[in-house]
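Hello,

I am passing this structure on to you, together with some notes on what turned up in it. Have a look first, then read on.

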Amino acid sequence: MKKYKDINLLDIQKNLGDIPKFINDAFDEAIENKASDFHIESLKDFILFRYRIDWDFFIRNKISHENYSAIITILKVMAGLKIDENKRPQDWKISYKSEKLNQDVDMRISIMPTIYGEKIVIRILSQDSSILTLEKMWFLEANNNKIKEVLKSRFWLILVAGPTWSGKSTTLFSLINEFNPLEFNISTLEDPIEYNVDFVNQTQIRPSVWFNFADWLRSLVRQDPDIIMVWEIRDTETATLAIEASLTGHLVLSTIHTNSASATIQRLINMWVEPFLISSALKMVISQRLVKWICPHCKAETQANPNLVSKAKEALQDLFDEEELANLKFYKWTWCEHCNNTWYKWRIWVHELLVLGDYLEESILTKKSSSHIHELAKENWMITIMQDAIIKAIMWKTTLEEVFKLV
C-alpha cells in the first residue's frame, strides 16, 4: 500500500475486470492489514480507496467514476440497503466471509451523499470475542486487580470513557468475558454488534423501528437480566434508566464520550442525572486511549527528547522515588519488514481507572469540579492516564513522542 503523500504517483484504474472479485480483494487486503476502516471517496476526477491502519491513512488505489455505479450497487445489495436511494444517508452492516483468509468478519457500512457522489465508510469488526480478556487489554497489574475486585459484585454501574476510536466496546467485551454466560443472563444493546459472543443475548438497535436506547433498555430489564451491556450512554433518559437498573440488582456496563474518568461524573451531572443517584450507583470509570505500539522487532534504546523526559519525570514523581526517576530508559523505533517500515506495529491501550467510594460522595453530592475529583482520586492512588502511558513507554511498549502526542 502507498502512503497518503504518494497519491499523485498513482494512476487511475479504468478496467477493474471482475468487480465482485475486486471488492473481495479490497476487503481481504483491509482485513489482512488489520485496518479499522475502509474509505471509498467520490472525488472530482476519480474514486479514492484508502484504509485507516493504526490511525494513519494508506492509499490502496484510484479508479475511474465509470466503475463506481457497479461497486456501490454491489455494496448496497450486500448490506441490504436501498439501491435507488442516493440523496439520504444510509447505514447498516455486511457479514463478509473471506475465502482467502478463512475468516468471518462483520462490517458496518455508512453511505453519505457528497458533492461528487456517495461516499462509503466501512468499519471492520472482528466477530471473535474469545481473544478479549482483561489480561490482553494492557491493564497494569494494579488496575487489573481493582477491576476484578469490582466485578465480584453483581450490581453497580461501570462506564468505559474515551473518544471515538479508543476501543471502548472492546474493553466492555473483555469485562463481559470475565463471566460464564451459562451461569448468568447476559444481555446487550448494541449499534452495531461488534463481536459475536456465545450464549449472550445480543440485540442490534435499529433506528428504523423508532426505538431508541432508552426504549430498548426499558424493555430489556423485563427480561430477567443479571448483566446488561448498553452500547452507549447518549442521553439523560438512558443514563437514568441504566443507573436505576444497577440500583435494582443488575450489573450495568456502558460507554460514554468523555476525556477523563473524573469528567465522566461531571458529564452525568450536566445530563441532569441526580448526584445522589450517581454516588449510589456508579462504581467504576475506565478512561482510555489508544497509542501506537512500538514494533518489538526493531525497537532500540534511545536518548529521548530532554523536554519530554522532564515532563515524564514530573508526571511520575508521585509513583517513583528520585533514584528510579534518574534511571529511566526509553526506546525508539527503527525500520524493519515486520512493521512495514512504519515504525509502529498496531496499538495498545492506556488507561485511567477511577474506583468510586465514600471519599468522593460529598464531592459528587455538592457538584464539585472534575479537577477537584481528579485530585482526590490521585490522593487515593488512582494512576492517571498520563502516568499509565509513560509507564508503558518505560516498559518499551510505546515512545514518549507518541504518549505526549495522543494523551
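Which residues of helix 3 are buried? In helix 3, which spans residues 141–150, they are Asn143, Asn144, Ile147 and Val150. Seen down the helix axis, these buried residues fall within an arc of 125°, so they line one face of helix 3.

Some background: this is a predicted model, in which local features need pLDDT of at least 70, side-chain atom pairs count only at pLDDT 80 or more, and totals for chains, interfaces and linings use all residues. Residues are numbered from 1 along each chain as its sequence is written, and side-chain values use heavy atoms, leaving out hydrogens and water.

A few terms: buried means under 20% relative accessible area, exposed over 50%, and partly exposed in between (1.4 Å probe, protein chains only). Helices (H or I, at least four residues) and strands (E, at least two) are DSSP runs, numbered from the N terminus. The arc uses the directions from the helix axis to the C-beta atoms.

Now the salt bridges (a side-chain nitrogen of Lys or Arg within 4 Å of a carboxyl oxygen of Asp or Glu). The count by this rule is 19.

One of them joins Lys100 to Glu32, with the closest N and O atoms 3.4 Å apart. Lys100 sits in the loop between strands 6 and 7, and Glu32 in helix 1, 68 residues apart. Lys100 is exposed at 58% relative accessibility, while Glu32 is partly exposed at 47%.

Helix 3 returns here too: its Lys148 meets Glu135 in a salt bridge (2.7 Å, N to O).

Happy exploring!
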